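This report describes selected parts of one protein model. Look through the sequence and the structure first, then read the sections below.

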Amino acid sequence: MGQMKMMKTKIPHLLARRLSVCFVLLGCVFVGQGQQPLSLLEATQLALSHNYGIELGRLRADAAALNNAWGAAGALPQIGLTATTASAVSDQSENPTSFIQERLESESVNIGGQLNWTLFDGLGMFANKRRLELLTEQSAGELDLLIEQSLLAVITAYQSVVVQDVALEALEASMAMSRDRLDWLSTRRSVGAAGEFDNLQFENALLLDSAAWVRQKVARRTAQRNLNRLMGTDETQQWALTSSLVVLQTADQRFPDEEGLINKALNTTTTVRNAMLTVQLAETGMDQAESRLYPTLGLNVNLGDVRSQFAAGDLSGEGRTKNQSATLALNFNLFNGGATKRAIEQARIQLDIAETNRMNERAAVAQLLRDALDRYRTQEELYGIARETTANAEALLAIAETRYDLGALNSFDLREVQLSVLQAKLREVQELLAWHQSQWDVERLTGGLLSGYGVVARPAE
């Protein structure tokens, strides 16, 4: 009986203590055999280096940068060089009808050069160059947006795996509690103080938790494979995640100046910057269309040098001809059926569309940021409620264990309380994850997501 009494004092609060240790850091992991430690920062750096989508975006940005040249804008001359040689032999020595009955031989070398240069096209070449510069910036902006989306996906995937680990630890703690109960009941049954019913009930609870643990392991492996794909690493790589889900600062501490934050977002958010680039491209389109109102002045230079040799029997000779020409051509389109006017009007409409889209994007970003800040505050409150719920569930479990030991509570009710603790803890970590996600939304909208991981965000002009 003394041994039974000692075991009774150890069993109460067992699950609560196990779960409390499990969730102290809400994501604290243990490096298992064959697993490599991985922090959140390391995961994002791997994605920046190996993510296939980011690599494709970089290649497209490089291609756009290569096209940004004065030659592609039509401002540089085009120079060509040609060289031809010819050799001919005509044997007329046995042709009685020929005027010269000799072997005729001739050779010639023709070297020529051409230069074509548009000297003036209504400043269209400068508009073309500006457009190429803006296209390069736009491609870089699209790369920034792709990097931003990829970083957010990696962070979400990483923290999802952390939540899966926490759920596994919680189920393991619940199974440990059931095993300890079974050991305790086995001792009591040996002295006739417990029946088979409670033993079967706790065995069933252990089996149910074991099945949930197996499903959770599959969910964890799936989440880790998704993380590996986003990081561009081997699909089978196993990681021990070292960055836990910590409790965040309150909204008043983290974001004290909401209006200042919104103004920052309107200058640094990737979508707003890209919308501004679209406006600038539309303005360049206007310049290109208006350049057709002006004449075009072009220079054409041709140089030729022809050297030839001739031989007919005992007669031979050499010759040389030089050709040089320069042409200035002025083209002025007086009327083309209104095509130039229509092009200008279409460019003006495109500019209006781009400006309207920019204003809409700014309004959308301001709304999204306010929504994200509201979610941050809401999740802060919900997480606080979830923590209190967990504390109450743990206290209720301690009381339920004591009543069960005294015979005032049956095993069914004890199992219900045990499950309520498990559900409360999982709900707590889910609310904390949602809180973190709202924070990353704010960081993304204010440009902090890119700058925080070494990507320089360009302000909108």
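Helix 11 covers residues 339-406, 68 residues in total, and spans 96 Å between its first and last C-alpha. That is close to the 100 Å expected at 1.5 Å a residue, where the expected span is 1.5 Å times one less than the number of residues. Gly-407 follows helix 11 and has a positive phi, near 85°.

Helices here are DSSP runs of H or I with at least four residues, strands are runs of E with at least two, and both are numbered from the N terminus.

## Basis of the model

The model is predicted: local features need pLDDT of at least 70 and side-chain atom pairs pLDDT 80 or more, while totals for chains, interfaces and linings use all residues. Residues are numbered from 1 along each chain as its sequence is written, and side-chain values use heavy atoms, without hydrogens or water.

Trp-239 sits in strand 4, residues 239-241. Its relative accessibility is 5%, so Trp-239 counts as buried (under 20% relative accessible area; exposed is over 50%, partly exposed in between, with a 1.4 Å probe and protein chains only).

Leu-38 is 201 residues away from Trp-239 in sequence, yet their C-alpha atoms are 6.1 Å apart. Beyond four places in sequence, the contacts of Trp-239 (heavy atoms within 4.5 Å) include Leu-38, Leu-46, Arg-220 and Asn-228.

## Two polar contacts

The side chains of Trp-239 and Asn-228 form a polar contact of 2.6 Å. Such a contact is a pair of N or O atoms within 3.5 Å; within protein, one must be able to donate a hydrogen and the other to accept it, and residues adjacent in sequence count only if both atoms are side-chain atoms.

Arg-220, listed among the contacts of Trp-239, also has a side-chain polar contact of 2.7 Å with the side chain of Asp-165. Asp-165 belongs to helix 6, residues 124-190, and is buried at 11% relative accessible area.
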